[in-house]
Amino acid sequence: GIENATGTGNTQYSGAVSLTTTQSGSNYNLTDGDRGGHKTYNLNHGTSGTGTLFSQTSNTWGNSTTSNAATAGADAHYGAAETWDFYKNTFGRSGIKNNGVGAYSRVHYGNSYVNAFWDDGCFCMTYGDGSGNADPLTAIDVAGHEMSHGVTSNTAGLNYSGESGGLNEATSDIFGTGVEFYANNSTDVGDYLIGEKIDINGDGTPLRYMDKPSKDGGSADSWYSGVGNLDVHYSSGIANHFFYLLSEGSGAKVINGVSYNSPTSDGLPVTGIGRDKALQIWYRALTTKFTSTTNYAAARTGTLAAAGELYGTTGAEYKAVQDAWAAVAVGA
Ligand code: ASN
Ligand code: ZN
Ligand code: CA
């Protein structure tokens, strides 16, 4: 018969984790029957199709290093599961389309491919092995970022250029960060950094910083006319900064051992309302207010409407949304 089983993933980035797998005769495979049947495939350096479904006689996957091809599979399968659980348990969303259907993941894409991407066409996510095949792009926040592109496509549909493109990218960073905190993994702890585990710069620095996006050398900390001409991974900085300020407030703070210091463009302090409420406001705005052409001014209006519906217009939450947008120079 074919039935759910509980395996162990010896991941590269998240330690030893529990994985939901499927037993089929004497084999186990990376199919998650608890999460819409999400499957994880090994492309084995190919760049098309699905390669082969990870399948073996043991239900222990990978050895925490890249010497074992199943290690990246374990990280990807775990990231997909945590992303599914984050959306289900935080927002009541059942999968990327909210229809209970899982996507699939593909690892070992190409050779030394330093990226990961979501594809609406295959309804799948794909991970490269990183430079020199040393640092696969399979960390939790990257998984959450990529799958959240699918959620955005199936909700607001934010166009991937101009200011709406920056909001699309920020939505993936915001929910990717939400997934990372949700997973509460002791090896890959929650932070407001993006890609801190995959060493994409080769010097130990993360790809992006939400408290002060300009630390990456390209992202915008606050809005200005023409910011929509930046690459979407840089114009995202404004909304990432807004989300950090709304969650944690301005000034210096240490969270899970990471130091942050978030400035405000208006020089006024922002008092945070906590990440959980900030996530609820962003999700409600994304799914009920934003459209394909939402720009920063409209994102302000949409998040204020969402905050008012969730928490009222006279409390700390509504004021914090106002103050955080003012702090990133998105005004009334
Ligand atoms: N990893 C990149 C991203 O999710 C791929 C891309 O440029 N779309 O943004
Ligand atoms: Zn992205
Ligand atoms: Ca992170």
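In this predicted model, Phe242 touches Ala324, Trp325 and Val328, leaving aside residues up to four places away in sequence.

**Domain arrangement**

The protein is divided into domain 1, spanning 2-138, and domain 2, spanning 162-327. Taken over C-alpha atoms, the centres of domain 1 and domain 2 are separated by 27 Å. Contact between the domains involves twelve residues of domain 1 and 14 residues of domain 2. On the side of domain 1 that touches domain 2, the residues comprise five nonpolar, five polar and two charged.

**Ligand shell**

Which residues surround ligand 1? The shell consists of Asn115, Ala116, Phe117, His145, Glu146, His149 and Glu169. Strand S10 (116-119) and helix H2 (140-153) are the elements that give two or more residues to this shell. The largest share, three residues, comes from H2. By class, the shell around ligand 1 divides into two nonpolar, three polar and two charged residues.

**Strand pairing**

Strand S1 (residues 2-10) and strand S2 (residues 16-24) run antiparallel and are joined by nine bridges. S2 is in turn joined to strand S3 (residues 27-29) by three bridges, again with an antiparallel course.

| Hairpin | Residues between the strands | Residue with positive phi |
|---|---|---|
| S1 and S2 | five residues | Gly15, near 70° |
| S2 and S3 | two residues | Gly25, about 65° |

Opposite positions can also be assigned in each pair. Asn10 stands opposite Ala16 in S2, while Ser24 stands opposite Asn27 in S3. In the hairpin of S1 and S2, the residue with a positive phi is Gly15; in the turn of the hairpin formed by S2 and S3, Gly25 has a positive phi.

Note on methods: Residues are numbered from 1 along each chain as its sequence is written. Chains are lettered from A and ligands numbered from 1 in the order in which they are written. This is a predicted model: local features need pLDDT of at least 70, side-chain atom pairs count only at pLDDT 80 or more; totals for chains, interfaces and linings use all residues. Domain bounds come from an automatic or database domain assignment. Two residues are in contact if their C-beta atoms, placed from the backbone, lie within 7 Å. Ala, Val, Leu, Ile, Met, Phe, Trp, Tyr, Cys and Pro count as nonpolar, Asp, Glu, Lys and Arg as charged, and the others, Gly among them, as polar. A residue is near a molecule or strand if its C-beta atom, placed from the backbone, lies within 6 Å of it. Helices (H or I, at least four residues) and strands (E, at least two) are DSSP runs, numbered from the N terminus. Two strands pair if DSSP finds at least two bridges between them.
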